[in-house]
Amino acid sequence: MKGAKILIESLLKEGVEVIFGYPGGSVIPLFDSLYDSPIKLIVPRHEQAGAHMADGYARSTGKVGVCLATSGPGATNLTTGIATAHMDSVSMVAITGQVKNSLIGNDAFQEADVTGITRSISKHNYLVKDVKDLAYTIKEAFYLASSGRPGPVVIDLPVDVQMQDAKFDYFDKIEIRSYRPSHFGHAGQIKKILKLIYSAKKPVLITGGGIIISGANQELLRFAEKTNIPVTTTFMGLGGFPSTHKLALGMPGMHGTVYANMAITESDLLISVGSRFDDRVTGKLSEFAPKAKIVHIDIDPTSISKNINVDIPVVGDAKTVLEQLIEELDESKLSNLDSWHKNIETWKKKNPLKYSQEKTGKIKPQYVIEEIYNQTKGGAIIVTEVGQHQMWAAQFYKYDYPRSFLSSGGLGTMGYGFPAAIGAKIANSNKEVIVIAGDGSIQMNIQELATLSAYNVNIKIIILNNNYLGMVRQWQELFYDRRYSGTPLKNPDFVKVAEGYGIKGIRVKKPSDVKSAVKEILSSKKPVLADFWIEEEENVFPMVPAGEAINRMIGGMA
């Protein structure tokens, strides 16, 4: 069997149903094999967008997303998508064509050192030089991409290997001696955690993307309800714990809620599950949770004590460790937390997330997002680009289900959201998928309107258009005397652009039209692009200034 055919058959063995791939000279044999295979091929208009589509497919399903590009510029165009997936622990296999074995290192046409370039932005990478190694490599790549702390794995495949013959044998399972992720928490550490919980008077859970990746949302809910511990949910963890639950404190950190940040600052026990203490969460490290004993549960041992020194480290899968804690928990030993919950309620009442749509002739972006929530009843998959709209979407839409919020958290990749939404919709044809974008971000990959049109992918594009790169403008307003260097935008007519690609476009300028516009958008059986003209200098609040402690917020304290 030819190498190209071996690759396709191996992907089928791994259950791959769709590939996001762009053709080129070094992958012609692969595309020829794809032509007769049952795998659905989605051709983006840019390789970077293809990687983001595979990412959105993976985040919304928990499956491995697969993208494919040719050698040289095709491969380097994938790298932003690979780095985005790496930062957010997304299961992805990226396949790149390579020049012939005999030409590698000769500066051949469309040659790039893919393994060298992707070494620091992937979980692992391979250059397959012998067709006999191909099937095993693919098996290993999928195992690495989806196990332990997930991440992108790159397979670089020379074009001559694609055309060589070998016998096709596939492996049922695989073991790598030096790679054995630990799923169970150490029994001694579990007992230490429970001892701290029994004596704590002001405990807080801080939960991250690890809850969603490991499928631990039900275990987290049971653990929180049994212990009565309030739950903060990081940006990457949104949906891992119901936002509407009485124990939910919302998002902590730079644009988190006042009450989440106050609770962390005043807590005497902070239990982190599947969160890596990102700098946007912790703020000033020396003043983060200063009164608390800190427990850190994470499947990646390199994440523990990397940013925050912890008292009890636990290496293990979030779902498994929470199961262990629930099994060992003696509820009769728990402290009464009534006083702690009264404190939190006071913070909540004094400092809610707020904005005012009244007495202004312009649309507030928060109002648009709240209206989308009201009309979807929280049942949509929300995908965002990066910027102010991303934070408003995190604050004002309520996420009660895992995998209902997709966004580039670690790398902050503008141009991520629109193609990722296409990938999410292809994986979830029965769900409403809405991308919330800024007028800057949408233009990073706006050419994918062609992909949307070609495959009639029924997603809804909401552009919150303020004619600025809004988040940078906000920092310039607050900290650089309104010197708006490089941030004002001269935008195209987004409605005409959409129509040029054969997609319905609408424009909304007045607050009184928002409700009916959202209804019209959601009722459409075809993709719609909606251009909402919002308040130009609206800011995201609350906000922790860079380098400050998280309890010193501006724009949110009563």
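Ala, Val, Leu, Ile, Met, Phe, Trp, Tyr, Cys and Pro are counted as nonpolar, Asp, Glu, Lys and Arg as charged, and the others, Gly among them, as polar. The model is predicted, with local features requiring pLDDT of at least 70 and side-chain atom pairs pLDDT 80 or more, whereas totals for chains, interfaces and linings use all residues. Residues are numbered from 1 along each chain as its sequence is written, and side-chain values use heavy atoms, without hydrogens and water.

On a 1 Å grid over the protein atoms alone, a cavity is a set of points where a 1.4 Å probe fits but cannot get out; a pocket is an open set with protein on both sides within 12 Å along at least five of seven lines, and lining residues have an atom within 4 Å of a point. The structure holds 1 cavity of 30 Å³ or more. The largest cavity is lined by Ile197, Ala200, Pro203, Thr227, Ile229, Leu334, Ser335 and Leu337, which divide into 6 nonpolar, 2 polar and no charged residues.

Of its 25 lining residues, Ser243, Gly250, Tyr259, Leu353 and Gln395 are the closest to the centre. The lining comprises 13 nonpolar, 9 polar and 3 charged residues.

Helices (DSSP runs of H or I, at least four residues) are numbered from the N terminus. The axes (lines fitted to C-alpha atoms over the stretch in contact, with angles from 0 to 180 degrees between N-to-C directions) of H15 (residues 365-376) and H16 (residues 388-396) come within 9 Å and cross at roughly 45 degrees.

Technical notes: Helices (H or I, at least four residues) and strands (E, at least two) are DSSP runs, numbered from the N terminus. Grid points are joined across faces, edges and corners, and a volume is the space filled by probe spheres set on the points.
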